[in-house]
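Dear colleague,

Please find below the structure I promised to hand over. My findings follow it, grouped by topic.

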Amino acid sequence: MKKSPLITSMAIALLATTASSGALAKGKLNVLCSADTDWCSLMETRFEQETGVKVSLIRKSSGEGYAQLRAESKNPKIDVWWGGTGDPHLQAAKENLTQAYRAKELPNLLAWAQNQSLVSDNRTVGIYAGALGFGYNENLIKKKGLPVPQCWKDLADPVYKGEVQIANPNSSGTAYTALATFVQLFGEENSFEYLADLHKNVSQYTKSGSAPIKAAARGETAIGIVFMHDIMKQVKKGFPLKIVAPCEGTGYEVGSMSIVKGARHLKEAKMWAEFALRPDIQSLAQSVNAFQVPSNQASTIPPEAPNFDELKLIDYDFAKYGSVATRRHLLQRWDDEIKSLAR
């Protein structure tokens, strides 16, 4: 039977529509983001615009992200974990929760970023670095007649009772970095004595690593222990905060990125990895007031980023403090000896 011209034209139109839809359907990607919310949103939007891949993104602190990967290890729902302190990423690598991938940009990354890949057998890689410190609300310090703190040990002075906030190291990569920093600076026993004294001054252990400095910016507390770039973000918003690089020295993070083992959208996860290490993409961070030091040598370093050459940085042992055994030991001890203390 001869087909009518109308039916033929309808069939052609249907085929064209189907082909067009297939061309636009460029895949999906599930991203766990442990950087600041604004930066997460920027990365999501830019990647979707560039690739056509539909991104489903959730934001969690580093410790929470690591816990999710462990909980979902037999049925992963996340494809790529982007951002957050490197220690949990290294721990995930040691537990075989992530998979090896060598990005094309790897040779163009700074030494500390390449080292993150080296010690993890290419299961994670550095995307930025940030130095630990603390910030104080200048107006509150003056109003309450408090001395200006300059050192870690200053924060344990009873004069600051109820005036300090730091995150919980179980949920926050920032706080775990602080815990590991104190152990490397003072030794384990002295560190837990210090933390017990500091505990008397802590008004709240927050869930998020950047929450303490946001509270200080709002005048809810005088001092927040965080990464310096998080303080600078609040300074750029006009809050009366001062940044302190502690006199004893301080630790730092290598913010990292990992592809999850068993990722359902592996091709898109690798696309994200290449995208995230490009210098033009890393240089966009300062547009959302993310002032970390980017890992690609060709990226633009924000003028507000901490100058690592001028800071008294410890030789942070990422291999040791990124190990599962060390993390479990320190967190268990913190739970038993610090969290349980009365205030």
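In this predicted model, glutamate 50 and arginine 278 form a salt bridge whose closest N and O atoms lie 2.8 Å apart. The two partners belong to distant parts of the chain, 228 residues apart: glutamate 50 sits in helix 2, and arginine 278 in the loop between helix 11 (266-277) and helix 12 (279-282). Glutamate 50 has a relative accessible area of 39% and is therefore partly exposed. Arginine 278, with a relative accessible area of 23%, is partly exposed as well.

Further salt bridges

The structure holds 18 salt bridges.

Glutamate 189 is classed as partly exposed because its relative accessibility is 48%. Arginine 333 has a relative accessibility of 13% and so counts as buried.

Glutamate 48 and lysine 54 also meet through their side chains in a salt bridge, at 3.8 Å from N to O. Here glutamate 48 is partly exposed because its relative accessibility is 22%, while lysine 54, at 52%, counts as exposed.

Helix 14 and its surroundings

Arginine 333 leads on to the helix that carries it. Helix 14 spans residues 324-339, and its buried residues are Val324, Thr326, Arg327, Leu330, Leu331, Arg333, Trp334 and Ile338. These buried residues pack against helix 3 (62-71), helix 4 (86-94), helix 7 (173-186), helix 8 (188-199), strand 7 (202-206) and helix 13 (318-321).

How are two packed helices described? For helix 7 and helix 14, the axes come within 11 Å and cross at roughly 95 degrees. Angles of 65 to 115 degrees count as roughly perpendicular, and helix 7 and helix 14 are therefore roughly perpendicular to each other.

Which residues make this contact? From helix 7, Tyr176, Leu179 and Val183 take part, and they meet Thr326, Arg327, Leu330, Leu331 and Trp334 of helix 14. By class, the contact comprises six nonpolar residues, one polar residue and one charged residue.

Serine 34

The last topic is a loop residue. Serine 34 is located between strand 1 (28-33) and helix 2 (37-51). Is serine 34 buried or exposed? Its relative accessibility is 7%, so serine 34 counts as buried.

Leaving aside residues up to four places away in sequence, serine 34 touches Arg59, Lys60, Ser61, Ser62, Trp81, Trp82, Gly83 and Gly84. With one of these residues, tryptophan 81, the side chain of serine 34 makes a side-chain polar contact of 2.9 Å. Serine 34 and glutamate 64 are 30 residues apart in sequence, and their C-alpha atoms are 8.9 Å apart in space.

With kind regards

Conventions
Residues are numbered from 1 along each chain as its sequence is written. This is a predicted model: local features need pLDDT of at least 70, side-chain atom pairs count only at pLDDT 80 or more; totals for chains, interfaces and linings use all residues. Side-chain values use heavy atoms; hydrogens and water are left out. Buried means under 20% relative accessible area, exposed over 50%, partly exposed in between (1.4 Å probe, protein chains only). Helices (H or I, at least four residues) and strands (E, at least two) are DSSP runs, numbered from the N terminus. Contact means heavy atoms within 4.5 Å. A polar contact is a pair of N or O atoms within 3.5 Å; within protein, one must be able to donate a hydrogen and the other to accept it, and residues adjacent in sequence count only if both atoms are side-chain atoms. A salt bridge is a side-chain nitrogen of Lys or Arg within 4 Å of a carboxyl oxygen of Asp or Glu. Axes are lines fitted to C-alpha atoms, for helices over the stretch in contact, and angles run from 0 to 180 degrees between N-to-C directions. Angles under 35 degrees count as roughly parallel, over 145 as roughly antiparallel, 65 to 115 as roughly perpendicular and the rest as oblique. Ala, Val, Leu, Ile, Met, Phe, Trp, Tyr, Cys and Pro count as nonpolar, Asp, Glu, Lys and Arg as charged, and the others, Gly among them, as polar.
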